[in-house]
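Work through the exercises below with the sequence and the coordinates at hand. Each task is followed by a stepwise solution.

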Amino acid sequence: MFDRQTSSTPKLPWTSLLLLFLTYTTFGWLLYEWTSDRVVWWMCAIGVVILGGFVSYPSRSVSLSFGGFFKTDTRAFILIILASIGSVILLTWLQFFVDAVVLCTAGLLVSLDLKVKGWSKSIGFLLIVSWQLLGMSAGLYVHHLYVQPPIDLPAYFYSDYWFQFVDSVSKTLGQRLKL
């Protein structure tokens, strides 16, 4: 009875896109805490675009990186030595690598959902990178507003207001319940 009209454009995976946005918003927030140098922010934005390419085209990225590396025993030995050094660095900077894995995983989830829904790799790349950059920018901006709020904001935008409000309400309710 109620036939839906189907469009030629596939649906967007909103849940995974929201997760990607929130992940990169958190990354932008942490990036603002780590440094206020805008050159580092631009380098991270370039890194986000490169990461978007890796999650959009994972099979091509892996084959270009490791394709001819295992052809001889010497190359395999060098890879084992580099892997052991990398594991020491990974354990030393564990929090950094955990953050990087979470960012990659969120991007891969969106990439997988876009492929399942029928989106092309190039459109998927543009969607992933735009949502990553929007999330990172939102995190930077929200943290900037948190650190340096505009002067003309109402009092309820500040956390101290809410702590005082809850304290006064709890005291008032406590007094009324005792009567």
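The exercises go from the overall fold to single residues, and the model they use is a predicted one.

**Exercise 1. Fold and overall exposure**

Determine how many helices and strands the protein has, and what share of its residues is buried.

Solution. 
- Step 1. The secondary structure amounts to seven helices and zero strands. Read from the N terminus, the order of elements is α-α-α-α-α-α-α.
- Step 2. The protein has 179 residues, of which 21% count as buried; the cut-off for this class is under 20% relative accessible area.
- Step 3. Among contacts with a separation of 6 or more, 74% are between residues 24 or more positions apart.

**Exercise 2. Helix 5**

List the buried residues of helix 5 and state what covers them.

Solution. 
- Step 1. Helix 5 has 24 residues and an end-to-end C-alpha reach of 34 Å, close to the expected 34 Å.
- Step 2. Leu103, Ala106, Gly107, Val110, Ser111 and Leu114 are its buried residues. Helix 1, helix 2 and helix 6 are included in their cover.
- Step 3. An α-helix has 3.6 residues a turn, so residues three or four places apart point the same way.
- Step 4. Just after helix 5 comes Gly118, with a positive phi of about 100 degrees.

**Exercise 3. A nonpolar surface patch**

Identify which helix gives the largest share of the nonpolar patch.

Solution. 
- Step 1. The patch consists of Phe77, Ile78, Ile81, Leu82, Ile85, Ile89, Trp93 and Phe96, which together have about 820 Å² of accessible area.
- Step 2. Helix 4 (residues 73-92) gives the largest share, six residues.
- Step 3. Phe96 is placed in helix 5.

**Exercise 4. Tyr57 and its contacts**

State where Tyr57 is found and which residues Tyr57 touches.

Solution. 
- Step 1. Tyr57 sits in the loop between helix 2 and helix 3 (58-66).
- Step 2. Not counting residues up to four places away in sequence, Tyr57 touches Lys121, Ser122 and Phe125.
- Step 3. Tyr57 and Lys121 are 64 residues apart along the chain, with 7.2 Å between their C-alpha atoms.
- Step 4. The relative accessible area of Tyr57 is 23%, so Tyr57 counts as partly exposed.

**Exercise 5. The salt bridge**

Locate the two residues of the salt bridge and classify Asp167 as buried, partly exposed or exposed.

Solution. 
- Step 1. The count comes to one salt bridge. Its partners are the side chains of Lys171 and Asp167, at 3.4 Å, N to O.
- Step 2. Both residues lie in helix 7 (residues 159-178), four residues apart, or about one turn of the helix.
- Step 3. Asp167 has 37% relative accessibility and therefore counts as partly exposed.

Notes. Residues numbered from 1 in each chain as written. Predicted model: local features only at pLDDT ≥ 70, side-chain atom pairs only at ≥ 80, totals over all residues. Heavy atoms only, no water. Patch = residues over 30% accessible without salt bridge, like charges linked within 9 Å, V, L, I, M, F, W, Y side chains within 5 Å. Areas by Shrake-Rupley, 256 points an atom, 1.4 Å probe, with all protein chains shown as cover. Salt bridge = Lys/Arg side-chain N within 4 Å of Asp/Glu carboxyl O. Helix = DSSP H or I, 4+ residues; strand = E, 2+ residues; numbered from the N terminus. Expected span 1.5 Å × (residues − 1). Buried < 20%, exposed > 50% of the residue type's maximum accessible area, 1.4 Å probe, protein only. Contact = heavy atoms within 4.5 Å.
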